[in-house]
Amino acid sequence: MAAAAAAAPPFAAGDSPPPTALLLPRTTTTTAGAAPAPRRSSASSRLHLLLTAALAVATSYLLLILPRTPLSAAPAPAAAARAQVKLEKPVVILISSDGFRFGYQHKAATPHIHRLIGNGTSAATGLVPIFPTLTFPNHYSIATGLYPSSHGIINNYFPDPISGDYFTMSSHEPKWWLGEPLWVTAADQGIQAATYFWPGSEVKKGSWDCPDKYCRHYNGSVPFEERVDAILGYFDLPSDEMPQFLTLYFEDPDHQGHQVGPDDPAITEAVVRIDEMIGRLIAGLEERGVFEDVNVILVGDHGMVGTCDKKLVFLDELAPWIKLEEDWVLSMTPLLAIRPPDDMSLPDVVAKMNEGLGSGKVENGEYLRMYLKEDLPSRLHYADSYRIPPIIGLPEEGYKVEMKRSDKNECGGAHGYDNAFFSMRTIFIAHGPRFEGGRVVPSFENVEIYNVIASILNLEPAPNNAPPSVEEPQMNSMRFCIQEHCQLELRGQNYFIAEFCDNVAVCQEEQVYCNQLQELPADYSVGNNSQN
């Protein structure tokens with residue numbers, strides 16, 4: 001069975017995945033190795049690669065040289081991208097703080113994170129995760145630029161319906177991991193990469209064989225300080241051995257969020273600790289005289305929302321309409337995924353479940369909606385893979401699904417919900433020679449990060465799902481809602497475009513944000529309270 005054949009094609013034949021225009025400004029000086037390295041390919045694909053390269057170069061030129069006005073109350077001139085001083089080649093450190101919900105950066109004094117914000121580029125109302133808003137699907141989407149329906153990691157745990165094999169977070173067989181992550185893109189084009197705990201990085205693909213010197217196998221007991229120091233150690237290597245692309249992963253504050261929810265003092269403590277690790281990294285880079293030469297990108301994979309006992313839906317209460325067997329249910333909450341026996345009518349199962357949920361006789365039934373996967377909102381991109389179960393349930397924010405009542409404590413925090421919920425958003429903060437200082441951009445989906453990093457490293461990107469350009473937003477996309485509505489509000493126009501958006505609540509929250517921007521002092525800029 002060829003697993004890759006079942007995945008959705010990343011984009012139409014002949015399309016090119018150029019770097020995103022949203023994040024990378026024009027450059028003032030090219031760095032060493034400015035020409036993209038050639039990809040290794042068969043003779044049959046050379047013509048396609050030549051066309052792709054030509055389109056990418058042309059589009060990159062247009063996108064990267066044109067300045068954009070920062071999204072702020074009183075747009076101030078932002079510094080152009082800087083030339084490197086000490087390092088001979090471009091370098092990117094991609095850092096993930098698991099479960100770092102957008103807004104956590106304001107829970108306490110986080111001087112190091114705010115230093116990056118004030119002197120770098122950040123997403124105005126956070127980074128939008130892909131659906132489902134779970135750890136493994138999102139980390140691999142960041143690394144590949146693909147939605148789960150294309151890269152194959154559709155959940156943290158799931159069975160393959162054909163082979164019967166079961167994926168877990170310890171599965172490193174290449175058959176599960178489709179697409180091409182950044183460390184493979186780099187290795188295939190002769191650029192050294194180093195990974196410190198990133199989902200999928202232990203999988204051997206292409207020229208990447210997870211070498212001991214540059215690839216750490218996951219061990220959650222390794223202190224955060226040791227991880228940071230290991231990354232810094234790479235900058236002490238000779239130039240020809242130093243990696244240009246590095247990843248770094250922290251489990252917090254996700255760990256605390258699941259235990260106590262997003263509003264507990266334990267979250268504040270975890271956020272402060274992450275800030276301390278960012279400070280440790282900055283200090284180490286400064287000691288080596290390379291901080292301003294390194295592109296540091298800090299992201300999360302998803303947000304977090306509080307849950308408690310009163311927000312539960314029990315599937316056994318649907319018995320008068322349909323009896324659901326436990327072995328049909330492949331994941332429970334927040335992503336409810338069901339695969340009934342082959343002899344059952346899938347539309348009938350969905351119809352009966354929704355009838356019961358809407359009857360008023362199932363506790364909290366109105367907060368759960370069932371779909372055939374092909375009927376899910378298209379913005380979720382969660383249909384075109386045989387691995388995705390045929391029936392998907394979407395609970396409302398903060399609600400959980402159980403088979404039956406129990407005495408266990410359900411209070412804490414969860415993620416995995418619809419990515420339209422603001423509670424699922426995380427952070428995007430980037431600092432370095434390729435990012436303008438004090439630049440605030442509209443929110444965007446994390447699949448766009450792959451092309452940004454590929455552009456910085458002068459790599460030819462693999463096919464991916466990132467949109468060709470954020471200058472051409474889709475009418476039904478959250479990006480159109482966010483970007484266009486905020487820009488119109490900031491121009492002082494009384495125009496609300498919720499009718500173009502899938503989720504009116506998203507637009508309403510963006511309207512509040514835009515209004516807040518308008519109320520800021522005229523001399524406000526994002527760098528006012530940051531260090532140099």
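Contact here means heavy atoms within 4.5 Å. On that basis, and leaving aside its neighbours within four places in sequence, D301 is in contact with S97, D98, G99, P129, T135, N138, H139 and T426. The structure is a predicted model, in which local features need pLDDT of at least 70 and side-chain atom pairs count only at pLDDT 80 or more, while totals for chains, interfaces and linings use all residues. Residues are numbered from 1 along each chain as its sequence is written, and side-chain values use heavy atoms, with hydrogens and water left out.

D301 is found in the loop between β8 (294-299) and β9 (305-307); helices (H or I, at least four residues) and strands (E, at least two) are DSSP runs, numbered from the N terminus. The residue is buried yet has no salt bridge, and R227, the nearest side chain of opposite charge, is 12 Å away. Buried means under 20% relative accessible area, exposed over 50% and partly exposed in between, with a 1.4 Å probe and protein chains only. A salt bridge is a side-chain nitrogen of Lys or Arg within 4 Å of a carboxyl oxygen of Asp or Glu; for charge, Lys and Arg count as positive and Asp and Glu as negative, whereas His and the chain ends are not counted.

The side chain of D301 does make polar contacts, with the side chain of H139 (3.5 Å) and with the side chain of H302 (3.2 Å). A polar contact is a pair of N or O atoms within 3.5 Å; within protein, one must be able to donate a hydrogen and the other to accept it, and residues adjacent in sequence count only if both atoms are side-chain atoms.

H139 is among the buried residues of α3, as are T135 and N138. Because 10 of the 10 residues of helix α3 (residues 135-144) are buried, the helix is largely enclosed by the rest of the structure. Just after α3, G145 takes a positive phi of about 75°.

An open sheet of 8 strands has the order β6-β5-β7-β1-β8-β17-β2-β18, with mixed pairing; two strands pair if DSSP finds at least two bridges between them. At the edges stand β6 (215-216) and β18 (439-441), each with a single partner strand, so one side of each is left without a neighbour in the sheet. Strand β2 (residues 121-123) runs antiparallel to strand β17 (residues 428-431) and is joined to it by 2 bridges, and the bridge partner of T121 in β17 is A430.

I429 lies in strand β17 and, at 2% relative accessibility, counts as buried. Its contacts, leaving aside neighbours within four places in sequence, include I113, T121, V296 and L298. I429 and I113 are 316 residues apart in sequence but 8.1 Å apart in space, C-alpha to C-alpha.

**Cysteines**

A disulfide is counted as a pair of cysteine sulfur atoms within 2.5 Å, and by this rule the count comes to 1 disulfide. The table sets out two cysteine pairs.

| Cysteine pair | Sulfur to sulfur distance |
|---|---|
| C210 and C215 | 1.9 Å, disulfide |
| C308 and C411 | 4.5 Å, too far for a bond |

With -75° about the S-S bond, the link of C210 and C215 is left-handed, and both cysteines are buried. By contrast, C308 counts as partly exposed at 21% relative accessibility, and C411 is partly exposed with a relative accessible area of 36%.
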